[in-house]
Every structure is written in structure tokens, then in C-alpha cells.
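The sequence and structure come first, and the description follows.

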Amino acid sequence: MKFEPTYREKYASILRILSLLNYKISIEVTPEDVKDSPHSFKNLKNGTKVFISHLAKDSIVDSYEAAEHISKYNLEIVPHITVRRYKDFDDIHKTIENFRNISPIKNIFLLAGDDDQVAGTIEDTIQVLKSDLAESIRVDKIWISAYPDGHSSISEDKLYSTLVEKIDLIRQKNIESGVITQITFDIKKFVQWRKNLRDLKVLTDIRASCFFKTRKSYFLGLAKLIPVSYTHLTLPTNREV
């Protein structure tokens, strides 16, 4: 029987070419993506960062299993730490150590999450960054999220000031910072947002997030307008080409 690769596996081959050309990429996947396309990762360049999401519908055990599979391909695992889903700082620390038992963890992606109710005492990422947790988990870099296209319930000024505060808190811990944007649909708006951050003296690593299945013109537009930035590619779950 002839093997017909899935669209994720086809795109993984494209990513392999891009990575060999030193196009700077990272990838975000859900545990479901890993189960659906277990062979996609073999085509990625060694050391590519693979961010493993932790959606509300997923158990953290699903994320561990995804990490175990991805670790076979010499890729760097970056777990999502969605703080509102943890009882306390010790719970977060335990989760990171569990990931570390699977693969070296040098980076984490710290985000609040959209959960209506908090699982314990942690409300947001700033609360975590003001604690001693950052030092105790022994990571080189903490990634945080940003909203170039705006947020429906947060003012633009608040988005900028909060982002600057988070980056400063990370710097005070002598840890590198990085920014992963939410899915961005407007290239020009992204470029202006990035310029505004530079004007605010925010010089951290910024990765523009876009769908894995993206228009060629959009992808090339990002490459042309922001050549020194990374592109963070997100797999659209359960979509066909």
C-alpha cells in the first residue's frame, strides 16, 4: 500500500528546507498534533524549538507523552506553563521537573491562560515573575505572550505597559526573555507594533506567530519585512489542505 503523507508531514518537509536555509523558525504543537502526525518531526533541523501547548481540554500527562515522542528527534522542547491551571508555585516546579526528566528544559513559555477559574492561588504571570520561582526552576530563557493585533478586553496602553513590566521582571532575575505573539494576521500592524516596542527600548527576541498553513504571500511578507525576527508556526488542529 502506498504511503500518503499527511499535510503536516508535507509541511514538515518544507520546514526542513527553510531551517537548512537558516530561516529562523520555531513550532508550536498540541499533544493531539503529535499523536496525529508522529513522523513530522524527523524532518526538522536538530535543535529546532518545539513549543508544546497545554490546552484546557488536555491533561498535562498528554503534554509529557508528546515531549517523550519529540525528544527522540533531537529537538528542543519548550513546555507551555499555563499558570492559572496550577495550585501553587510548587506545582509548577514539579511539572517543569517532570518535563526535565524527559528532556533538558532550557526554555519555558509562561502564560496565564484563558481559564475562567484559577486552580489555586496564581492569578497571572506577573505574580509568578515577582516570586522566587524563576530562579528555582533553572531555565535560561522565559518566553511570554504578546498581542500585536490587540486584545478584546485589554487596552493597547495596558498591553504595552504589562509587556514591558514582564520583560523587566525577567531581566531582574538575570534570565533571558523572549516574546511569542498571538496569531498575527496583519503584517503592517505587526511591524508597527514591533517598532513601538523598540521605541520603548524593548530589545528582546520577538517571534511572530502565524498558522502553519499560511498563505505564501503572507509568509514571504513576514520574511521580507522582518528579516531579523523569528517566525513561530502553529499547527491548525484538525484542518485539511
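## Strand 1

Ile25, Ile27 and Val29 point one way from strand 1, whereas Ser26 and Glu28 point the other way, and all of these residues are buried, where buried means under 20% relative accessible area, exposed over 50% and partly exposed in between, with a 1.4 Å probe and protein chains only. Because 5 of the 5 residues of strand 1 (residues 25–29) are buried, the strand is largely enclosed by the rest of the structure.

Strand 1 runs parallel to strand 2 (residues 49–52), to which 3 bridges join it, and two strands pair if DSSP finds at least two bridges between them. Within this arrangement, Glu28 stands opposite Phe51 in strand 2.

## Basis and confidence

This is a predicted model, in which local features need pLDDT of at least 70 and side-chain atom pairs count only at pLDDT 80 or more, while totals for chains, interfaces and linings use all residues. Residues are numbered from 1 along each chain as its sequence is written, and side-chain values use heavy atoms, with hydrogens and water left out.

The chain averages a pLDDT of 80, and 76% of the residues score at least 70; pLDDT is the predictor's confidence in each residue, from 0 to 100. It stays under 50 over residues 213–230 and also over residues 234–241.

## The chain as a whole

The chain holds 9 helices and 8 strands, which are DSSP runs numbered from the N terminus (helices H or I, at least four residues; strands E, at least two). Of its 241 residues, 49% count as buried.

Notes
Contact = heavy atoms within 4.5 Å.
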